[in-house]
Structures are given as structure tokens and as C-alpha cells.
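Thanks for making time for this.

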Amino acid sequence: MKSGTGIRRALAAALVLTACAAAPRAASVIAPSFDAMITRAQTVFVGQALDVSSRWVSTPSGPAIVTVVTFKVIRTLKGELGAQTQLEFLGGTVGGHRLEVPGIPRFRVGDEDVLFVDERGQPVSPVVGFMHGRFRVLEERGSGRRSVARHDFSPLTSVTEIGASTAAARAPSARPLSLADFEREIARAVRRQREAR
């Protein structure tokens, strides 16, 4: 378990641990821009959730629940990963106890996503921008075309839409961005940033 100031701050920020399921609350995490996500991410990968499990851990602030998600790494778009990787998130459910952290992405076995990950600094969520660094991979019925959507399944039609200031610029009739095109945009941005150093 990663411990330290990140976990202490999260626990001190009025996270609620209850003996029964609590109602979900909206998160107000500011969405980073596409370029900011590329810069912050140590790794970017396309992955499928193979296992999701929660457990109690000890932290300097007391007991907490964490959820560990094991992913099959389908493709690595930035950084280096093996065939599988695990990400650990603060929060989850163990027995009748639930620790809910607003904005933390929740995964189910079988979910396929493009994930922007930064595990530096003992994060509460290793996904950049909490839920904003998670892009769902969807398959269109009939055509089999694979596209990407935001964490809430709203369509993504261009990487320029990513970020709080550009979300309203989305064209409602535009076709969702294909997974292949999204991967190409990520590869271009990674290359640009590497060359700019």
C-alpha cells in the first residue's frame, strides 16, 4: 500500500467510511487537457480489466480500503509495461464497509480502456485527472468499429475536446473518434514532447 501525505490528505478531506453502501457523489476534478495528460502520464496503455479486488490496509492515518485492478496490457502507447499491470486506488468495498472517493474510476472485469497513468507521489488514483484519464473502448454493433468515449461513455470526437475549457466545443453530430485514430494522436503527442526536450 502506498502511504504518506497523499493518503492522509484524502482521508482528511472528509471521505466517508460507512457500514453500508453510501450514495454516489459527484466529483469536481478539473479535466486536464490532452497535452497535459500526455505530459503527466508515465505510461499510457490500452488494457482490459482481468481482476478487481478490494482489501483493508494500514496507513499512517488508520485503516483504509484500497482496490487493486489487474489489467491485461493490450498495447503500450507511452512508457514500458509487461503483459499485465496492476493499479491501486483508494476506496472500495470489503464486506459491509465501503470507502467512497469521489472521482475515482471504478472498473469491472472485462472493461477495456485507454488509461493515462502516473503513479508518482503516492497517488489516491494513479489515473491522471482521476476519472478524466480513463477512456472507454466501445465496439459499434454491426460494423464492429472500435471507438473511444469519455469515462462516462459520452462520445469523444477529437482530442481537442479533452479538458474543461474545450468540452463544450464538441459537435453533437460528429462521429466518435476511432480507437486507432486516438492511438495515433497519442503517439504523435508523445513524439512531439520527446522532440521538444
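Predicted model: local features only at pLDDT ≥ 70, side-chain atom pairs only at ≥ 80, totals over all residues.

Phe 135 is buried, with a relative accessible area of 2%, where buried means under 20% relative accessible area with a 1.4 Å probe and protein chains only. Residues are numbered from 1 along each chain as its sequence is written, and side-chain values use heavy atoms, with hydrogens and water left out.

Which aromatic cluster does Phe 135 belong to? Phe 135 forms one aromatic cluster with Phe 34, Phe 116 and Phe 182. Rings of Phe, Tyr and Trp (its six-membered ring) pair if their centres lie within 6.5 Å, and planes under 30 degrees apart count as stacked, over 60 as edge-to-face and the rest as tilted; by this rule the count comes to seven aromatic pairs. One of them joins Phe 116 and Phe 135 edge-to-face, at 5.7 Å centre to centre and 65° between the planes. This pair links distant parts of the chain, with Phe 116 in strand 7 (residues 112-117) and Phe 135 in strand 8 (residues 134-139), 19 residues apart, strands being DSSP runs of E, at least two residues, numbered from the N terminus. Phe 116 counts as buried as well, because its relative accessibility is 0%.

Glu 183, for its part, is also buried, with a relative accessible area of 12%. Leaving aside neighbours within four places in sequence, Glu 183 is in contact (heavy atoms within 4.5 Å) with Val 46, Arg 75 and Leu 77.

Note on methods: Helix = DSSP H or I, 4+ residues; strand = E, 2+ residues; numbered from the N terminus. Buried < 20%, exposed > 50% of the residue type's maximum accessible area, 1.4 Å probe, protein only.
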